[in-house]
Amino acid sequence: MSESTTREERFARGLEMLGSVNPEVGQLVVDSLADVSPEMSHQIIAWGFGEIYSRPQLVPRDRQLVTLGMLTALGGCETQLEVHINTALNVGLTPEQIVEALLQSAGYCGFPRALNAMAVAKKVFGERGLLPVGQQPADPSATSA
């Protein structure tokens, strides 16, 4: 990133990145913080997505795996975890891979946090018609007629 990148350019790049991985969320973040801290929404989008998430060293799928693990470990981040489970699905992770990542987290951050994360995953999967996990075709075009 160039040091001469303007605040507005970073924000625009962040909105573009956020829109590419979870188009429903970008404007919701801005709107939800507009009356309390527009600066927070600016920083989330400009820094979080315009500076960090848009770096080419990790693809969005891998960034989501890391994010799911960290949010699970932190605990108390269920709202953000819901957003990121949806985003993980949007960038190509399967429900089975998400469940496996959350299962992996149990050994490092404990069963209570992993169970809370699994409950959020179940909610998201239910909303998206992906339950029961493991019963969906791996490739929708591979179903036989």
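Helix 4 spans residues 60-74, which makes 15 residues, and its first and last C-alpha atoms lie 21 Å apart, close to the 21 Å expected at 1.5 Å a residue. The expected span here is 1.5 Å times one less than the number of residues. Helices are DSSP runs of H or I with at least four residues, strands are runs of E with at least two, and both are numbered from the N terminus. The model is predicted, so local features need pLDDT of at least 70 and side-chain atom pairs count only at pLDDT 80 or more, while totals for chains, interfaces and linings use all residues. Residues are numbered from 1 along each chain as its sequence is written, and side-chain values use heavy atoms, with hydrogens and water left out.

The protein chain holds seven helices and zero strands, giving the pattern α-α-α-α-α-α-α along the sequence. Its C-alpha trace spans about 50 × 40 × 30 Å along the principal axes. Of its 145 residues, 32% count as buried, where buried means under 20% relative accessible area, exposed means over 50%, and partly exposed lies in between (1.4 Å probe, protein chains only). Contacts are heavy atoms within 4.5 Å. Among contacts between residues at least 6 apart in sequence, 64% join residues at least 24 apart.

Back in helix 4, the buried residues are Arg63, Gln64, Thr67, Leu68, Leu71 and Thr72. Seen down the helix axis, they fall within an arc of 160°, so they line one face of helix 4. The arc is taken over the directions from the helix axis to the C-beta atoms. Against these buried residues pack helix 3 (38-53), helix 5 (78-90), helix 6 (95-109) and helix 7 (111-127). After helix 4 comes Gly75, with a positive phi near 70°.

Helix 7 can be read in the same way. It has 17 residues and reaches 24 Å from its first C-alpha to its last, close to the 24 Å expected at 1.5 Å a residue. Its buried residues are Ala114, Ala117, Val120, Ala121, Val124 and Phe125. These cover an arc of only 135° around the axis, which puts them on the same side of helix 7. The cover over them includes helix 4, helix 5 and helix 6. On the face turned away from the buried side, helix 7 carries the exposed residues Phe111, Pro112, Leu115, Lys122 and Glu127. Helix 7 is followed by Gly129, where phi is again positive, near 70°.

Helix 5 contains Thr87, which counts as buried at 4% relative accessibility. Leaving aside residues up to four places away in sequence, Thr87 touches Val21, Asn22, Tyr53 and Gln64. Gln64 is also one of the buried residues of helix 4.

A cavity is a set of points where a 1.4 Å probe fits but cannot get out, a pocket is an open set with protein on both sides within 12 Å along at least five of seven lines, and lining residues have an atom within 4 Å of a point. Grid points are joined across faces, edges and corners, and a volume is the space filled by probe spheres set on the points.

The largest pocket holds about 670 Å³ of space. It is lined by 27 residues, of which Ile44, Phe49, Gln80, Val83 and His84 are the closest to its centre. Helix 1 (7-21), helix 2 (25-33), helix 3, helix 4 and helix 5 each give two or more residues to this lining.

There is one cavity of 30 Å³ or more, and the largest cavity has a volume of about 40 Å³. Its lining consists of Leu71, Thr72, Gly75, Gly76, Cys77, Glu78, Leu81, Arg113, Asn116 and Ala117. Helix 4, helix 5 and helix 7 give two or more residues each, and helix 7 gives the most, with three.

Cys77, in that lining, is buried at 14% relative accessible area. The structure holds zero disulfides (pairs of cysteine sulfur atoms within 2.5 Å). For Cys77 the nearest cysteine sulfur, that of Cys109, is 11 Å away, too far for a bond. Cys109 itself counts as partly exposed, at 21% relative accessibility.
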